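Colleague: I am new to this structure and would like to go through it with you. Could you put it on the screen?

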Amino acid sequence: QRNKKFDEQTGVTRATAPVISVGNITAGGTGKTPMVRYICHYLEEQGLKPAVLSRGYKAANNEQSIIVSRRGQIEVSPAVSGDEANLLARGLGRTSVVIGRRRAQSAEVAVEQLGSDVLVLDDGFQHRQLHRDLDIVLIDAANPFGYGHVLPRGLLREPLEGLKRAQVILLTKTDQVPKDILFGIKQKLTTYAPNVPVFETIHKPLGVLT
């Protein structure tokens, strides 16, 4: 019922800047944070001024939008922002980071107060109140479908049918599974998300952040 409401565009807010969502369909680490950083660095190279909109996991208070960093300059302590948002802000160049439960409000803050011209929605696939112009879904090739059941029986955040909303699917950690398993994952994805392009990625450490 919840997804049906948003499918009909009820209660959806459109930001005044393009929105790129990076999310997943399972609980656990699929590699969203490295992908968010990768996208932001690419946008910076294009001369854009991106901002990441994060929920603010384990922040002291995320009821209101808080500017964690302004064009790469951190403005609040990890105790305020939460470790996750602080780590993300430290790893970005000229990208701003805003946390808050209400992403539409955070989008307004990013555009009006920070001058951001493109917004990256961190962990946004199930946060459908904010319209997105590009929906990227990450799937961990080592455990792609969350044991086939939604939480708490499995790891799925929603039924696999939700993948049809994606516009791009990125398989992560593809170097950790055999080629035949990878082929089977792609075949299953054609069932749930026909015509959605699927790309393979791997994770490779580039350095140490101190």
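Colleague: To start, where is the place of D123?

Modeller: D123 sits in the loop between β6 and β7; helices (H or I, at least four residues) and strands (E, at least two) are DSSP runs, numbered from the N terminus. Please note that this is a predicted model, in which local features need pLDDT of at least 70, side-chain atom pairs count only at pLDDT 80 or more, and totals for chains, interfaces and linings use all residues. Residues are numbered from 1 along each chain as its sequence is written, and side-chain values use heavy atoms, with hydrogens and water left out.

Colleague: What phi does D123 have?

Modeller: D123 is not a glycine, yet its phi is positive, about 60°. Most residues other than glycine have a negative phi. K173, in the loop between β8 and α6, also has a positive phi of about 60° and is not a glycine.

Colleague: Which residues are closest to the centre of the second largest pocket?

Modeller: That pocket has a volume of about 440 Å³, and of its 18 lining residues the closest to the centre are R55, R103, D122, D123 and R157. On a 1 Å grid over the protein atoms alone, a pocket is an open set of points where a 1.4 Å probe fits, with protein on both sides within 12 Å along at least five of seven lines; lining residues have an atom within 4 Å of a point. The volume is the space filled by probe spheres set on the points, which are joined across faces, edges and corners.

Colleague: What is its lining like by class?

Modeller: The lining of the second largest pocket has one nonpolar, nine polar and eight charged residues. Here Ala, Val, Leu, Ile, Met, Phe, Trp, Tyr, Cys and Pro count as nonpolar, Asp, Glu, Lys and Arg as charged, and the others, Gly among them, as polar.

Colleague: And the largest pocket, what volume does that have?

Modeller: The largest pocket has a volume of about 700 Å³. Its lining has 10 nonpolar, seven polar and two charged residues, and helix α2 (residues 32–45) gives the most, with six.

Colleague: Back to the strands. Is β6 enclosed or open, and why?

Modeller: Strand β6 (residues 118–122) is largely enclosed by the rest of the structure, because five of its five residues are buried. V118, V120 and D122 cover one side, and L119 and L121 the other.

Colleague: Which strands pair with it?

Modeller: Strand β1 (residues 19–24) runs parallel to β6 and is joined to it by four bridges, with S21 opposite L121. Strand β2 (residues 50–54) also pairs with β6 in the parallel sense over four bridges. Two strands pair if DSSP finds at least two bridges between them.

Colleague: What is the order of the sheet?

Modeller: The open sheet of nine strands runs β4-β3-β5-β2-β6-β1-β7-β8-β9, with mixed pairing. β4 (73–74) and β9 (198–200) are at the edges with a single partner strand each, so one side of each has no neighbour in the sheet.

Colleague: One last item: which peptide bond is cis?

Modeller: The bond from L151 to P152 is cis, with omega near 5°. P152 is in the loop between β7 (134–140) and β8 (168–172).

Note on methods
Buried < 20%, exposed > 50% of the residue type's maximum accessible area, 1.4 Å probe, protein only.
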